[in-house]
Amino acid sequence: MVEGWIADRMAGIDSSGIRKVFDLAAKMSNPVNLSIGQPDFDVPESVREAAIEAIQSRKNGYALTQGMPQLREKLQARVDKIGHEDRSVFVTSGTSGALQLSLMALVNPGDEVIFFDPYFVMYPALVRLAGGVPVIIDTYPDFKIPIEKVEAAITPKTKAILFNSPANPTGVVNSKEEIKALAELAQKHNLALISDEIYSTFCYEDNFASPADYYPQTIVIDGFSKSYGMTGWRVGWMHGPKALMEAMIRLQQYSFVCAPHPFQLAAVTALDIDQSKEVDNYRKKRDMILDGLKDHYEIPHPGGAFYIFPKLPWGPGEKFIKTAIDNNLLIIPGSIFSNKDTNFRISYAASDETIQKGIDILVKLAKEGK
Ligand code: PMP
């Protein structure tokens, strides 16, 4: 390849950490895999059938950029319940697509975007891709929102706050009080508040709270990937102030074009399905892993999503992860989601048998290291 072909902006996308883990995983045969960021349950049968029906009835062409009316209207009816006059919804190419559209449509070069450490891996890369400057707020050790630190980080260049609860990688669900304080702070400073609510279905204790309950200009991002096991179907949605949504639809027209047509039609069926059985099942998995590890690991309380983020019992992180891999266990080092290397991520979106095997290996590792 000719030197200089790769654009400078690609320097902002460093996925070497994740790649290292996947390279190691590729060498493992039949690992105890607690690294996967997607549900282990399948798409509900009626939704799969709806997708097949859509394909067979030749709904395979482009969809409307803003989403097929059947889906968009159903989503808008939900969004209208929030009670904001200036709020419209459109269908995106997954939550990832919605994140990218938001940052591209909001951030000018040099604008600062505040988000919290630990963070979802895409956040720093997407902020930089949009020309923004990541301003990363440390939330260790309990992963609550440190509101004074957020206020202190706001400068005349701050444009947006990117927020995620229930969170990847910690599984922490922020309280209504914390979320209200964050929303009010964003409103006070006229900041765009982007709320990534992809794990909203997976809340095991408190009812889910959205900053949109407190700040009517909040931009909400959600999707079907996690709640219906549809990660490969690439259907998400986003809602917020109408003029901003219109700008993002224009951008979608010239980027992702649309979310896949047959899967949008299947998603209409998904919206009528009650997933509470799956959520109850995941609550049990969470309890199982917490119970199995509690005497050996320090774990900030995970009220949602399907992750836990224990403190390393000994370090450094790289050595611990390598030893886990030598014991046939695949977990993700915390440094992939953080400026710190003190924790690691476990996904319990796995069979009970796999979770039990993982617990046994992790208990052994904690004991051996001491
Ligand atoms: N946000 C968070 C916090 C996530 O964990 C993920 C998926 N790992 C996404 C967004 C992207 O989800 P999607 O499949 O809808 O693009």
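How many bridges join strand 11 to strand 12? The answer is in the third view.

This is a predicted model: local features need pLDDT of at least 70, side-chain atom pairs count only at pLDDT 80 or more, and totals for chains, interfaces and linings use all residues. Residues are numbered from 1 along each chain as its sequence is written, and side-chain values use heavy atoms, with hydrogens and water left out.

**View 1. The ligand sits in the largest pocket.** On a 1 Å grid over the protein atoms alone, a pocket is an open set of points where a 1.4 Å probe fits, with protein on both sides within 12 Å along at least five of seven lines. To sit there, a molecule needs more than half of its atoms within 2 Å of the grid points. The residues around the ligand (one heavy atom within 4 Å) include Gly94, Phe120, Asp196 and Arg234. The shell divides into 3 nonpolar, 6 polar and 3 charged residues. Here Asp, Glu, Lys and Arg count as charged; Ala, Val, Leu, Ile, Met, Phe, Trp, Tyr, Cys and Pro count as nonpolar; the others, Gly among them, are polar. Helix 4 (residues 94-106) gives the most to this shell, with 3 residues. Helices (H or I, at least four residues) and strands (E, at least two) are DSSP runs, numbered from the N terminus.

View 2. An oxygen atom of the ligand is 2.5 Å from an N or O atom in the Ser96 side chain. For the side chain of Tyr199, an oxygen atom of the ligand is 2.7 Å from an N or O atom. A nitrogen atom of the ligand is 2.9 Å from an N or O atom in the side chain of Lys226. Taken alone, the ligand exposes 410 Å², and the protein buries 91% of that. These areas come from the Shrake-Rupley method with a 1.4 Å probe.

View 3. Two strands pair if DSSP finds at least two bridges between them. Strand 11 and strand 12 (residues 344-347) are joined by 2 bridges. Ile332 stands opposite Arg345 in strand 12.

**View 4. A loop holds Pro166.** This loop lies between strand 5 (158-164) and helix 7 (176-188). A cis peptide bond joins Ser165 and Pro166, with omega about -10°. Another cis peptide bond joins Asn168 and Pro169, with omega about 15°.

Key
A polar contact is a pair of N or O atoms within 3.5 Å; within protein, one must be able to donate a hydrogen and the other to accept it, and residues adjacent in sequence count only if both atoms are side-chain atoms. On a 1 Å grid over the protein atoms alone, a cavity is a set of points where a 1.4 Å probe fits but cannot get out, and a pocket is an open set with protein on both sides within 12 Å along at least five of seven lines; lining residues have an atom within 4 Å of a point.
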